[in-house]
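Me: I want to know what stands behind the labels in this model. Please take me through them, one term at a time.

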Amino acid sequence: MKSNHKILTLLLLGLGLLFSQCDKEENYIIKNLNHNVIMILGHGGMGDLYKYPNNTLEAIKPVIGIGADGTELDVQITKDSVLILFHDETLDGRTRCDGYSSPYNYNWSEIKDCYYNTLVDDIPIYSVDEVFSSLPNLNDLYFSFDCKLNPELAYNEVYRRQFLGAIKRICEKYNMSGNVFVESDLAFLLTAKDMGLTTKGIVVGSSVDQASDNNIFGIGTTVDTPPEEIDYAHSKGLYVMMWGAKSDAGNKKAIGLNPDFLQTDKPIPILMLFERFDFDYDIP
Amino acid sequence: MITAQDTGEQQSNFRNNIIKLNAIPIAQAINGHNQKWLGVEYERFIKHNLSVGALVDFGLFEDYTFIKYHDYFDENEGFSYTRKDVVTRGYHFIPSVKFYFLSTKQKKGQGFYISGCLDFNQYFKKSEIYFSQTNSFAYENSSTTRLSAGATLGGQFVAFTRLVIDLNISIYGKLFSVSRGQNNSEIPPLNATWVFNDNKGWSTVNLMIGYAFGGGKKK
């Protein structure tokens with residue numbers, strides 16, 4: 001009989017704990033330059049933990065479907081100036097194109113059938129053109145292009161202009177210049193301005209003062225940035241793009257820093273937190 | 001105090017009826033929906049290891065707000081938002097036949113069981129959409145009626161001869177559904193912990209607490 005009492009007591013305690021967790025609510029007051037709202041972007045789509053690889057249509061469609069404002073994407077160019085989505089320096093390793101080097105060494109037609117090494121389905125490399133043409137309500141979405149420059153050509157002016165030219169063409173084709181952030185170093189963003197790009201530059205690796213002095217749109221930083229630095233950037237009129245939120249705790253840490261735009265690997269909990277999760281969408 | 005066991009007599013608690021409450025929000029904890037529904041199951045034993053029953057889950061299965069912001073940089077129509085408030089109410093009626101393939105002799109209804117069941121389910125969904133740009137509202141109503149068949153694996157524990165705790169998992173397959181409104185899109189089974197194959201199948205997990213009554217002790 002005593003053991004029955006113990007089981008019952010444990011059960012009731014468990015139920016009490018469950019109900020108390022269900023009713024817990026947190027309120028956050030955001031203060032930033034973005035209408036006091038954090039723009040929520042996926043990281044490469046649904047993030048590193050999703051079943052499909054980052055930077056693929058299979059990972060991008062769901063993050064938009066659940067309510068995110070858009071997503072960060074890793075972009076590179078091919079030899080024939082096609083802007084593609086791919087993270088790594090070489091195709092070898094991540095794709096079935098064993099021995100292939102940088103995407104820049106190939107024309108698009110040569111690598112478009114380089115499928116990712118995944119256990120399920122054949123997931124190809126996508127061009128930005130393919131992704132933009134596949135998304136409904138594209139002009140209501142935002143994308144942050146993390147420009148993965150070929151390390152051997154990173155400081156080559158011709159290559160940089162070729163890269164920026166590809167971004168400019170695709171943005172103009174889809175009327176997306178106002179909805180695309182370009183993340184890169186200061187020199188790259190200044191070249192972009194020089195070429196007439198009206199995308200929003202997010203500088204990486206420069207100080208707030210340098211970004212401000214060069215009229216850059218915003219700075220890119222991580223969730224480990226001191227809050228004073230975020231406040232200082234805002235005081236200078238710079239928007240703040242934040243990344244490194246890889247967990248629910250990371251999301252909450254980022255929220256506390258009041259960024260304007262947040263790239264997250266855990267989009268579902270943060271969208272739920274802000275009542276921006278669309279329950280009508282069935283995640284594949 | 002002398003008990004039946006003390007005298008060496010074999011005792012069996014023949015409580016023929018169990019009424020159970022299904023009030024633990026397991027699905028909510030997994031699918032994230034804000035739910036306030038209650039389930040009541042009546043189970044009647046027709047043999048020591050065979051029972052029939054019916055579970056009714058009813059109430060609020062979905063209550064959420066979805067906010068979408070537009071034009072953050074005031075480059076087109078200006079910064080605005082749409083806010084959709086969604087409420088879905090409904091019920092599940094689940095008759096079942098349970099076979100206790102592993103049960104204790106001392107307590108009827110204690111053991112592990114499998115059951116075959118049907119789930120007749122209706123949901124009624126109401127959406128109110130507010131457009132801040134035009135300060136206007138739109139309203140949408142939709143419904144889904146569905147019949148499915150399933151199988152359950154469960155375990156039931158009887159404490160103090162009358163208190164019953166039932167934990168079970170069920171897998172359902174859809175037989176048919178009819179949906180109206182909102183492009184006739186089907187409202188998925190909201191009591192499910194896992195839905196697969198475009199609402200063609202799903203699983204539920206229930207933890208119920210019950211009270212056994214009727215019958216009596218039989219030596």
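Me: What hand does the crossing of α5(A) and α6(A) have?
Reply: α5(A) passes α6(A) in a right-handed crossing. Keep in mind that this is a predicted model.

Me: Which residues of α5(A) and α6(A) meet?
Reply: From α5(A) come Arg160(A), Arg161(A) and Leu164(A). From α6(A) come Phe188(A), Thr191(A) and Ala192(A). By class, this contact has three nonpolar, one polar and two charged residues.

Me: How do you know that Val180(A) is buried?
Reply: Count the C-beta neighbours inside 10 Å: Val180(A) has 25. The cut-off is 20 or more. Therefore Val180(A) counts as buried.

Me: Which residues does Val180(A) touch beyond its neighbours within four places in sequence?
Reply: Phe143(A), Phe145(A), Cys171(A) and Thr199(A). Glu72(A) is 108 residues away from Val180(A) in sequence, yet the C-alpha to C-alpha separation is 9.6 Å.

Me: What makes strand β6 of chain A, residues 180-184, mostly covered?
Reply: Five of its five residues are buried. Val180(A), Val182(A) and Ser184(A) point one way. Phe181(A) and Glu183(A) point the other way. Both sets are buried.

Me: How do you know that β5(A) and β6(A) pair?
Reply: Pairing needs at least two bridges. Strand β5 (residues 142-147) of chain A and β6(A) have four, so they pair, in the parallel sense. Asp146(A) stands opposite Glu183(A) there.

Me: What makes helix α2 of chain A largely enclosed?
Reply: Seven of the nine residues in α2(A), residues 57-65, are buried, so the rest of the structure largely encloses this helix. The buried ones are Glu58(A), Ala59(A), Ile60(A), Lys61(A), Pro62(A), Val63(A) and Ile64(A). Their cover includes β1 (39-43), β2 (70-77), α4 (128-134) and α10 (267-273) of chain A.

Me: What follows α2(A)?
Reply: Gly67(A), with a positive phi near 120°.

Me: Now chain B. What makes the side chains of β2(B) alternating?
Reply: In this strand, residues 17-22, Ile18(B), Lys20(B) and Asn22(B) point to one face and are buried.

Me: How many residues does each chain bring to the contact between chain A and chain B?
Reply: Chain B brings 21 residues and chain A brings 21 residues. On the side of chain B, α1 (26-31) and β4 (50-70) each give two or more. β4(B) gives the most, with eight residues. By class, that side has 13 nonpolar, five polar and three charged residues.

Terms used
Residues are numbered from 1 along each chain as its sequence is written. Chains are lettered from A and ligands numbered from 1 in the order in which they are written. This is a predicted model: local features need pLDDT of at least 70, side-chain atom pairs count only at pLDDT 80 or more; totals for chains, interfaces and linings use all residues. A residue is buried if 20 or more other C-beta atoms lie within 10 Å of its own, exposed if 12 or fewer, and partly exposed in between; C-beta atoms are placed from the backbone. A crossing is left-handed if the near helix is turned anticlockwise from the far one by less than a right angle, and right-handed if clockwise. Two residues are in contact if their C-beta atoms, placed from the backbone, lie within 7 Å. Ala, Val, Leu, Ile, Met, Phe, Trp, Tyr, Cys and Pro count as nonpolar, Asp, Glu, Lys and Arg as charged, and the others, Gly among them, as polar.
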